[in-house]
Amino acid sequence: MAPHSLSPVSDLQGEVQLAREKAQVMYRQLPNVLIFTFAAAAALILYYREVQQLWVWWVVMQVITLARLASLIVWRRYWSTSTAPAHAEQAIRLFIGFSLLTGALWAVFSITFFGISNGSQRLVIAMVMATVAAGSVNVLALVPWASRLFIALLIVPLIVLFATTGDMDDLVIAGLGLVLFMGLSGFARVANESAAQLLVMARQREQRLAKAASECDALMRDKTSLESRLAEKIETLEFEIALRERYASELSRIAALDSMTGLLNRSAFERELRRQQLPVGTALQQAPLVIFVLEVLRFDVWELQGVSVSEQILVAIAQRLRDHCGEQALIARWGGAEFALALRSDNRDWPQYGATLRALLQESIETDTGPLHLDVMVGVAQFNAEERDLEALIYRASVAKHSLRQQEVGGVKVFDDALDVVIRQRQTLRRALHASLETDDLKLVFQPIEPCEAGVPRKMEALLRWNEPELGAVSPALFIPVAEESGLIVPLGRWVLREACRAAMSWPYGTVVSVNVSVQQILSGDLLQDVQDALAYSGLAAQRLEIEITESVFSRDLDLVCQVLAALRAQGISLAIDDFGTGYSSLAYLRQLPVDVIKIDRCFITDLDQGARKLLLAMVSMARGLGFRIVVEGVETAEQQNLLAAMGVDYLQGYFIARPMAASDVAAWLAR
């Protein structure tokens, strides 16, 4: 048997399921059909109330309508859930039979009462029959022969009757009726093809989901709820197109929330704080604003125990914060295991309150692997009488928390003057970086990204280095955040793009240069023009440039980000998500971004125990299933290289492949 062939049992099950879905679509529309039929028949009986014979016709029509209503009840109560193959087919035959019988009654009405009707009454008959015929196109879309026969029963007798009167107006109406008949017949064919295609797409999607479930059974058990919601949304998009606007509105609401915990995300948290911020001279002095930034200490240790465990921890933390703070606080998840709270209140011992929060989160959390005990870092910052800068307040709380992270200890830290030294250092870096943009202190080095298969072009990632005359070598981890905060990231990124493209022009074998881009460059609106200028300046082909973005784009204006990335991709530029899995990762967002490559962060391969391998394999399988090429960073051993190649990773990057090198050494390295 061929690998993809289906057994006769599978074919039979597929046919039964298809018949049930057809019946479901038909009977879903039947209530509206019955209401319209009753209304149309009632209107005609009132219009021809002086004709006694019409009552006989009307009674017969109502009997058939009641019979169709009875068939609907039987379908909903018994046949729709029946596993017997004959029930779905019997329901379809019953639906078609009653539909054609109704069409025949409409034809009887036209033939019987046409001759005794005046011109305006004939036009009413024609209009009613045309409306009923047009409505049947969607109702009987899945059975084209029945749809055409129903249309013929309603339209053809009228065409003949109007054509035989000899009156020129009636001949015109007969001609229009003929055109309507042909048009509706064509519409019936198109409607059938569309409906059939939707059913086939639904069946294919269900088969793919079933196959994925069998291959990743352990993971899918943890994702049952998510898959259920996703399946419902897919079904809604396919069968209820009219709900697109409502669905888009719901996505906008979800974009402001963290998909895992239901808390605000960082951007929504900051927007809400700005919206609620009181101006100077109001009650703010009596009700000071205090920011708490909380983070689980060494959360990466818990992440290695599995996706479900880390999710259970984060959800438990979110619920405890909600229960403890109530509606008096704004609560957000900033990404990873980092949370933020904003409170306004008098007479509050904030260090003690931070200690209470820490103690609350240190209580045992039940997970699939048993109870876990966490430690938490809490940074605190409060508005004082002189300071009204909201961003500075958030930054100070983060600085206070970061001081605990540097010491690798849990606890509560309130921002004070001693920590202000850190801010002054960042200001010094900002001024020095601004000056270095006009000197030769900045330079690029390049680290290879090696393909796992032969015949695939290599890539070189451009890495920025800064050797300041007074400060010495400054780590990118220090000056990149400063550049983003000060707005210098835009001119700095523009310089990196130009220099990286210029350097790549001297590389052989069609080697691709990969350039990191900050989300600030995207939001500024200048990135597309900067890329075009860099390509024109260097002469580099667009296909040899790859743009890397971090997961922080998920927390920003996603619509704008998608527009800019789509425009870059349309020019042939490859797009990659850097450090995947460490920040704002979301499947709902990931499906929207027009990216080609994801780069899995080095933290996922540092300790390749059994749990870490399962997590890594799940990430690779997910990325492969979504059609992404995969790069894994931080490869430092042959064991890691062999394992990742066996998993089907496309590219490897790390010291085992090569360390970053000067631009002048790249061509020689490629030649070797």
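Residues are numbered from 1 along each chain as its sequence is written, and side-chain values use heavy atoms, with hydrogens and water left out. Because the model is predicted, local features need pLDDT of at least 70 and side-chain atom pairs count only at pLDDT 80 or more, whereas totals for chains, interfaces and linings use all residues.

Trainee: In what order do the five strands of the open sheet lie?
Mentor: Strands are DSSP runs (E, at least two residues) and helices are runs of H or I with at least four, numbered from the N terminus. Two strands pair if DSSP finds at least two bridges between them. The order is β2-β3-β1-β6-β7.

Trainee: Which residue of β7 is the bridge partner of V380?
Mentor: Strand β6 (residues 376-382) and β7 run parallel and are joined by four bridges. In β7, the partner of V380 is V414.

Trainee: Which strands does helix α13 lie across?
Mentor: Helix α10 (residues 266-276) lies across β1 (289-296), β2 and β3 (338-344), at about 150° to β2. Angles run from 0 to 180 degrees between N-to-C directions, with axes fitted to C-alpha atoms, for helices over the stretch in contact. Helix α13 (residues 350-362) runs at about 30° to β1 and lies across β1, β3, β6 and β7.

Trainee: What is the angle between the planes of W350 and Y353?
Mentor: Rings of Phe, Tyr and Trp (its six-membered ring) pair if their centres lie within 6.5 Å, and planes under 30 degrees apart count as stacked, over 60 as edge-to-face and the rest as tilted. W350 and Y353 are three residues apart in helix α13 and are therefore separated by about one helical turn. Their pair is edge-to-face, with 6.0 Å centre to centre and an angle of 85°.

Trainee: Why are α12 and α13 described as oblique to each other?
Mentor: Angles under 35 degrees count as roughly parallel, over 145 as roughly antiparallel, 65 to 115 as roughly perpendicular and the rest as oblique. Helix α12 (residues 307-325) packs against α13 with axes 10 Å apart. Their angle is about 135°, and the pair is therefore oblique.

Trainee: Which residues of α23 make the contact with α22?
Mentor: Helix α22 (residues 610-625) and helix α23 (residues 638-647) pack at about 40°, with their axes 10 Å apart. Contact means heavy atoms within 4.5 Å. From α22 come R613, L616, L617 and V620, and from α23 come E639, L643, L644 and M647.
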